[in-house]
Amino acid sequence: MALAVVEDLTFSYPDAAPALDRVSLEIEPGEVVLVLGPSGSGKSTLVRALAGLVPWFHGGRFAGRVEVVGHDTRRARPAELAGVVATVFQDPEDQIVLAQVEAEVAFGLENVGTPPAAILPRVGRALDAVGAAHLAGRRVVELSGGELQRVCLASALALEPRLLLLDEPTSQLDPDGAEAFLERAVASGAAVVVSEQRPAAALRHADRVLFLDRGRIVLDAPRDEAVAWLDEHRPAWTTPAPSNTVLQGTAGEMVARVGGARFAYGGGPEVLGGASLELRCGEVVALTGPNGCGKTTLAKIAAGLLEAQGGTVERAGRAAFLLQDPGRYLVRETALDEVALGAGVERGRRALEDVGLAWAERTHPRDLSSGERERLALATVLVTEPDLLVLDEPTRGVDPERKAELAALLRAQAARRATLVVTHDVVFAQEAADREVSLGAEREALAVVA
């Protein structure tokens, strides 16, 4: 008997075209289903529908039927599904409720009435299962984005759900962390539905693949059959773009130099213990390394958002910084107004066109998909024409075809500035960067620069 049934589901957010259009599928117990598709294709909406959040928390028009573990989601509220369905969302920052890691993982257990004596052992097992036992005593504000994603997965696994929903769960994880994350999710024994824009690791674990486009399922097939279909019809999802062995960047004048930087947050452990970085006009530098090694901290120091507590910092010109979660600082009513805020309407239109959002001039930023908001936020910093551009995980929620376009855009504009990209996306780093600096690995990998 199917664990979840979606029957002829059509859903539209208020004043918008259908996000899902006549979608039907079944999910079996223990099955691992990978959901792929371009940004805005309806993947996150499908996950929310399976969680019961659509239609209860998002408004809009709902037609069709979704039944999860015997509950019709038109009648059963999401709270009635808690404990049998658990979700890890795209933005872990928006999912965290409490200030301390163990309390956060215990929160869901308390809400479903777990006996008090059982809570702490289950919290410990869940943190251990996701490789986060060492975070147990930490405050969540001290954690990196990838560490937060692990804590959110631990919170979900602690509930021992029958259906585990993962929406872009590896977007802020390094490659090893992403593989371990998915292994632990699959090993839980729950049926797993995972939406991904970095599909390589997830494909290895999937039993079945769905591909959505404009709200419709255009592929629903077992993994091997799906890979063959993707190779033929959507090769960007299975065949990485060729890496640049010779790039066109030519390093010019120094724009920022950090020497032996040291930094700790709030008297906690030292995040940076003597990191150095040099950025020159004309080059794109990828800053990589494992979660929690201090990449974002070093990037903020280079851009002037944090002051190093030791070492030296030199900077020439203006810096612009794109945060990991750009949705937090989108403040205007339309995409064009958002971009024009920094440089006027005409330059705003060109910036929207550069990131593939010319069609969205009059669209409210909150009506865009996560990947589209990422591109809108990128436009808001590009339009200011900074001397130093710092992008923190700019491919989060962005589909492979748009990643290739972003890499091409950064390369085309490289001569205008120094560009630093903090990323866990290895393929994107190879495609976009002249040089890779790996923090926490005591190495610097150099591409051949023409």
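Helix 15 gives the most to the lining of the largest cavity, with four residues. The model is a predicted one, in which local features need pLDDT of at least 70 and side-chain atom pairs count only at pLDDT 80 or more, while totals for chains, interfaces and linings use all residues. Residues are numbered from 1 along each chain as its sequence is written, and side-chain values use heavy atoms, with hydrogens and water left out. Helices (H or I, at least four residues) and strands (E, at least two) are DSSP runs, numbered from the N terminus.

Cavities and pockets were located on a 1 Å grid over the protein atoms alone. A cavity is a set of points where a 1.4 Å probe fits but cannot get out, and a pocket is an open set with protein on both sides within 12 Å along at least five of seven lines; lining residues have an atom within 4 Å of a point. Grid points are joined across faces, edges and corners, and a volume is the space filled by probe spheres set on the points. By this rule there are three cavities of 30 Å³ or more, and the largest has a volume of about 120 Å³. Its lining is made up of Leu-322, Asp-354, Val-355, Glu-374, Arg-375, Leu-378, Pro-394, Val-398, Arg-402, Glu-405, Leu-406 and Leu-409. Helix 14 and helix 15 (400-412) are the elements that give two or more residues to this lining.

The second largest pocket holds about 840 Å³ of space. It is lined by 34 residues, of which Val-141, Glu-142, Leu-143, Ser-144 and Gly-145 are the closest to its centre. Two or more lining residues come from each of helix 7 (145-158), strand 13 (270-280) and helix 11 (295-303). In helix 11, seven of the nine residues are buried, so the helix is largely enclosed by the rest of the structure; buried means under 20% relative accessible area, exposed over 50%, and partly exposed in between (1.4 Å probe, protein chains only). These buried residues are Lys-295, Thr-297, Leu-298, Ala-299, Ile-301, Ala-302 and Ala-303. Just after helix 11, Gly-304 takes a positive phi of about 90°.

In helix 13 (residues 345-354), the buried residues are Gly-348, Ala-351 and Leu-352. Seen down the helix axis, they fall within an arc of 100°, so they line one face of helix 13; the arc is that of the directions from the helix axis to the C-beta atoms. The buried residues of helix 13 pack against helix 12 (335-343) and helix 14 (370-382), contact being heavy atoms within 4.5 Å. Exposed residues Glu-346 and Glu-353 are carried on the face turned away from the buried side.

Four strands form an open sheet in the order 2-1-4-5, with antiparallel pairing; two strands pair if DSSP finds at least two bridges between them. Strand 2 (18-27) and strand 5 (71-72) stand at the edges with a single partner strand each, so one side of each is left without a neighbour in the sheet. Six bridges join strand 1 (residues 4-12) and strand 2 in the antiparallel sense, and Ser-12 stands opposite Pro-18 in strand 2.

Ala-433 lies in the loop between helix 16 (426-432) and strand 19 (435-438), and counts as buried at 7% relative accessibility. Ala-433 and Ala-407 are 26 residues apart in sequence and 8.2 Å apart in space, C-alpha to C-alpha.
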